Amino acid sequence: GIFYTLWLQLTCTHGGSNPNKPNYSNSNKCPRIARTNCLNNHKISNLLGGRKMLDKYKDKEPIVYRILKNAIKKDKYSHAYLFETGGFYDSFNLIFSFVKAAICPHKYTNHENCEECHICNIIDSGNYPELKIIKPEGMWIKKSELQQLQEEFNKKAVIGNKKIYIITEADKLNKQSANSILKFLEEPEEGIIAILITENIYSVL
């Protein structure tokens, strides 16, 4: 298939009865809703809510962590990843920490040296030119935005040797937008990595 598919297992129960999971009966305190609100803002600093690194998720998501960490260590990546979050409230931060480590020339996955890394600081500021975040505008992800992405990523890289784009809420790709990016997904240029995020894999076209 096109994608290397990963499932995140932790979920927000939204007032469920499982004693091992948080009960967010007050929606204003629910981190899942807070994450959704964050995704409405383009600034990466706001998306992250502070600097978070991949090693933070070693115990929370051990299987996914091990797969991603191994890819970083070997510097060997799939050309496309599909993450099914299952409502895991911290999913974007986990995925973004993977992206950040993949781009970082030092492959940092913890806080020890990250703050001294020039590339990591550019990524955190939201100004890294080879990283794009695509999100829906209204009900759907626009075809024109994906076409613009392809035009930009077909140009020579300004920094580094990887270009990564993240499509949040990939289930909001309609038929037109999905078709516009299909070939780009199937036959990417070397060094381009696609990451699609959805809460339900069966909703993705």
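I take buried to mean under 20% relative accessible area and exposed to mean over 50%, with partly exposed in between, using a 1.4 Å probe and protein chains only. By that scale Asp 90, at 3% relative accessibility, counts as buried.

The model I am reading is predicted, and in it local features need pLDDT of at least 70, side-chain atom pairs count only at pLDDT 80 or more, and totals for chains, interfaces and linings use all residues. I number residues from 1 along each chain as its sequence is written, and side-chain values use heavy atoms, with hydrogens and water left out.

**Entry: salt bridges**

I looked up the salt bridges, each being a side-chain nitrogen of Lys or Arg within 4 Å of a carboxyl oxygen of Asp or Glu, and the structure holds seven of them. Which residue meets Asp 90 in a salt bridge? The partner is Lys 56, at 3.1 Å from N to O. Lys 56 lies in the loop between helix 2 and helix 3, and Asp 90 in the loop between strand 2 and helix 4, so the pair ties together parts that are 34 residues apart in sequence. For helices (H or I, at least four residues) and strands (E, at least two) I use DSSP runs, numbered from the N terminus. While Asp 90 is buried, Lys 56 is partly exposed at 37% relative accessibility.

I then noted the salt bridge between Lys 69 and Asp 55, whose closest N and O atoms are 3.3 Å apart. This pair links distant parts of the chain, with Lys 69 in helix 3 and Asp 55 in the loop between helix 2 (44–48) and helix 3, 14 residues apart. Lys 69 is partly exposed, with a relative accessible area of 29%, and Asp 55 is partly exposed as well, with 25%.

A further salt bridge joins Lys 132 to Glu 152, with the closest N and O atoms 3.3 Å apart. Here Lys 132 sits in strand 3 (residues 131–134) and Glu 152 in helix 6 (residues 143–153), so I record a pair that links distant parts of the chain, 20 residues apart. Lys 132 has a relative accessible area of 25% and is partly exposed, and Glu 152, at 30%, counts as partly exposed.

**Entry: aromatic rings**

I next turned to rings of Phe, Tyr and Trp (its six-membered ring), which pair if their centres lie within 6.5 Å, with planes under 30 degrees apart counted as stacked, over 60 as edge-to-face and the rest as tilted. The structure holds seven aromatic pairs. In one of them, the rings of Phe 88 and Tyr 89 have centres 5.7 Å apart and planes at 75 degrees, so the pair is edge-to-face. Phe 88 is buried at 1% relative accessibility, whereas Tyr 89 is partly exposed at 29%. I also found Phe 92 and Phe 96 in a stacked pair, 5.9 Å centre to centre with 25 degrees between the planes. Because they are four residues apart in helix 4, Phe 92 and Phe 96 are separated by about one helical turn, and both are buried. One aromatic cluster is formed by Tyr 77, Tyr 81, Phe 83 and Phe 98.

**Entry: positive phi**

Most residues other than glycine have a negative phi. Asp 75 has a positive phi near 55 degrees and is found in the loop between helix 3 (62–74) and strand 2 (80–84). Lys 107, not a glycine either, has a positive phi of about 60 degrees, and lies in the loop between helix 4 (91–103) and helix 5 (118–125).
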